[in-house]
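Here's a quick briefing to read with the model open beside you. Take a look at the fold, then work through the notes below.

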Amino acid sequence: MTPQDLILAAALGSVSLAICATLWALASRRSSDARLAAQGARLVQAERRSAATQASAEAFDTALVAIEGGVASLIAGEDSLAACAAVLGQARADPQAVTDALARSDPEHARRLDALFTRGEPCAFETRGVKGGVSVEGRSAGAIAWLRLSAIAASEAGLPTAARLAAFIDAHGEPAWVGAADGSPLWVNKAWLKAVGAETLEAAIARGLTFDPGVAAQAREAIAAGERREAVRWINHPKGRRAFRVTVQPLEAGGVGVWAEDVTEAEEAGEVLRRHIASHDQTLNLIADAVVVFTRDKRISFTNTAFAELWGLEPAFLSERPTHAELLDRLRLRRRLPETVDYASFKAAELARYEKLAPSDQQIWPLPGERTLRVMSQPHPQGGLLMIFSDITPELRLKTQFNQLIQVQQATLNKLTDAVAVFGSDGRLKLHNEAFERFWNVGADQLQHAADFDAVAELCVPRLHDMQFWRDLKARITDPDPKARAPVEDEVVTADRRIVAYQSRPLPDGATLIGFADVTDTRRLEGALRDREAALAETERLKREFVGSVSYELRTPLTTIIGYSELLERGSEGLSDRAKGHVAAVRAAATQLARSINDVLDMAEIDAGELALDVEDVDVTTLMAEVAQRWAGQAEVGRVALLVDPKADAGLIRGDARRLAQVLDHLVENGIRHTPPGGQVTLSARQAVGEVRLQVSDTGRGIPFHVQAHIFDRFVGQERGGPGLGLALVKSLVELHGGWVALESEPGNGAAFTCHLPEAAQSTGRPELF
């Protein structure tokens, strides 16, 4: 390339560079103008915002201070900063001076400000000054820390901020929250979240959790009424079923403030108290005494059943809760109060009971109709007055009867010849009779002043010196052991050689009765009686021996006489009729004498209790047939018909066949002997409930009434021949079988003897003697 080309190229390059530079300069200017315009707009907007910030700070009485590098500068709120400086006692409104004053006001405030400046930790607190307080809120943005200061008037210096109030409520242990007009929660504290089991309010709303569904209705009711509403609600709590007193308070800004207080213990205690009061009232309704409770304003709050019955008051009247004065007026109108001349003074005295702090003394009210009441009153624990009316009319009547019984008892004891004294379980003399004073030769005044048993014993020692006796007697009186207080009877000898019988008897009330009796003469008489009894026993023994000996001595010749007379009767062909009559008479007399001797011996054995029965089964029909056959001959001689009742079928009976035959023999013989010729004697038997009745009846002359009462006594029939033991022996033999004999007779109409014998007769031992 030529130099010219190089020069031309260089020239063209220079021109192009100039053109490009010109174009770049134009573009740069346009860009600068645009940026300048944008910066101007932003500056205008920043100025507007700064003005708005300044205006808002002034409007809300706040000062905005920026701290960068430890240097404080005021951003907005010059007037508010001046107010804060005045509160903190600063002469001039310098941001740095105010910040330093805040740090000096409290070490805790200084710590929080340092944390804000160095680590950017937000803070909020209030500080007190000489003319009020300053509310401080701190935040950080980048390297700059911002403080918003608000002056608080002295009258409002104690009021917390919303944040502090929220923190305070959040730290409260009971659920509390702020709700909307429909009751839904807008803000809740930690206790509310814990109660519903949620971490946050948003989580609780998402899960549909609520403290209690009924609170919403309570909130709407409070808003509609414009006043607070309270209610106790039982809810399911993490601690179990709990009772909360929920209070809903309408707020001025709208919505409601709700707080709940756990009153489970109070409610349970109240329920226990209500049950206690109910059971107390029920118990009072069961007692016989009339009870009434008056309130502080002197109105009836409770009466038991006995109160209405005692005074005859209508339930309608009591349900109106009349005053004490109205009650007294009604009772006076019905003449159910003590009759008094000055009723006004009586009424005033009754109403004055409310002014007494201690229980009043018991009073006795004599009422018309011979009724007496005991009246007691005392202040009621819950205020008011408690009165109890006891009808003591039966008690007084019993006391009167008791006193009468004591007087009768004392008079009765005084009539006794034995010395009697009653000692209590404490050894004191409770009661004695006049014979006790005479027996021990002591005066009534001496016994009255005797303090205990030892003093009484000391008065009695001169007549009975045995101290061991008195110690043993004291032990029986005072020893609580039942064995020691067991009844005892014994005898002692006094100093004058008299025999004294004493006995102790425990009484139901714990007292002991002691009795003394002089038995010297009685013992002497008993000795004489024992000697006489021994003599009588010896006489009885001699009598039995004599009867046995005489009977033996008489039986031997009688046996010979009866034997020879029977022999003569069998060989009487060579005897004359007169001789035959004599032989028959001898034989009959000897036989009668032998039977009489046997009767005497049987009675002697019965009297001695030595006669035993040979009990066996006895056919009653056969027994009567044999007796009838045995006496048929004698009945024929006396021209008396001896009959056996053909209907007599009594079966078997347990008894002694020989002794039952002996009974019938005596009754048949008695009937034949006292029945005139042409009459009849009948043997009959029949069964009854548990017994067999054997009867011998005749058509003789009967037995006089004055003789019937003694017909079974011994020796009554001696005038009729024989020793008079036949019917007495009949009675004794029947009684040995466990039966008895009855007589039915009218003079001129014969007699009927009935033996009542048990079917299972057994020997009963010695019968009753006459």
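Let's start with a helix pair: helix 3 (residues 95-105) and helix 4 (residues 107-119) pack at an angle of about 130 degrees, their axes 6 Å apart. Helices here are DSSP runs of H or I with at least four residues, strands are runs of E with at least two, and both are numbered from the N terminus. Keep in mind that this is a predicted model, where local features need pLDDT of at least 70 and side-chain atom pairs count only at pLDDT 80 or more, while totals for chains, interfaces and linings use all residues. Residues are numbered from 1 along each chain as its sequence is written, and side-chain values use heavy atoms, with hydrogens and water left out.

**Helix packing**
- The axes are lines fitted to C-alpha atoms, for helices over the stretch in contact, and the angles run from 0 to 180 degrees between N-to-C directions.
- Helix 3 and helix 4 therefore count as oblique to each other (under 35 degrees is roughly parallel, over 145 roughly antiparallel, 65 to 115 roughly perpendicular, and the rest oblique).
- On the helix 3 side, the contact (heavy atoms within 4.5 Å) is made by Thr-99, Leu-102, Ala-103 and Ser-105.
- Helix 4 brings His-109, Ala-110, Leu-113 and Phe-117 to that contact.

**Salt bridges**
- Side chains of opposite charge can pair when their charged atoms come close.
- The count comes to 33 salt bridges, each being a side-chain nitrogen of Lys or Arg within 4 Å of a carboxyl oxygen of Asp or Glu.
- One of them joins the side chains of Glu-314 and Arg-334, at 2.7 Å from N to O. This pair links distant parts of the chain, 20 residues apart: Glu-314 sits in the loop between helix 10 (305-311) and helix 11 (315-319), and Arg-334 in the loop between helix 12 (324-333) and helix 13 (343-351).
- Glu-314 is partly exposed at 32% relative accessibility, and Arg-334 is partly exposed too, at 29% (buried is under 20% relative accessible area, exposed over 50%, partly exposed in between, with a 1.4 Å probe and protein chains only).
- Arg-498 and Asp-518 form another, with their closest N and O atoms 3.0 Å apart. Arg-498 lies in the loop between strand 18 (488-493) and strand 19 (499-506) and Asp-518 in strand 20 (residues 512-518), so the pair ties together parts 20 residues apart in sequence.
- Arg-498 is partly exposed, with a relative accessible area of 23%, and Asp-518 is partly exposed at 31%.
- Arg-654 and Asp-617 also meet through their side chains, at 3.1 Å from N to O. Arg-654 is in strand 23 (residues 652-655) and Asp-617 in strand 21 (residues 616-619), so this pair ties together parts 37 residues apart in sequence.
- Arg-654 is partly exposed, at 35% relative accessibility.
- Glu-108, Arg-111 and Arg-112 are linked in a network of salt bridges.

**Individual residues**
- Gln-662, in helix 23 (residues 657-673), is buried, with a relative accessible area of 13%.
- Leaving aside neighbours within four places in sequence, Gln-662 is in contact with Asp-599, Asp-602, Leu-729 and Leu-733.
- Ala-584 belongs to helix 20 (residues 577-607) and is partly exposed at 34% relative accessibility.
- The C-alpha atoms of Ala-584 and Ile-562 are separated by 9.9 Å, and the two residues are 22 apart along the chain.
- Ile-19, in helix 1 (residues 3-59), is partly exposed at 47% relative accessibility.
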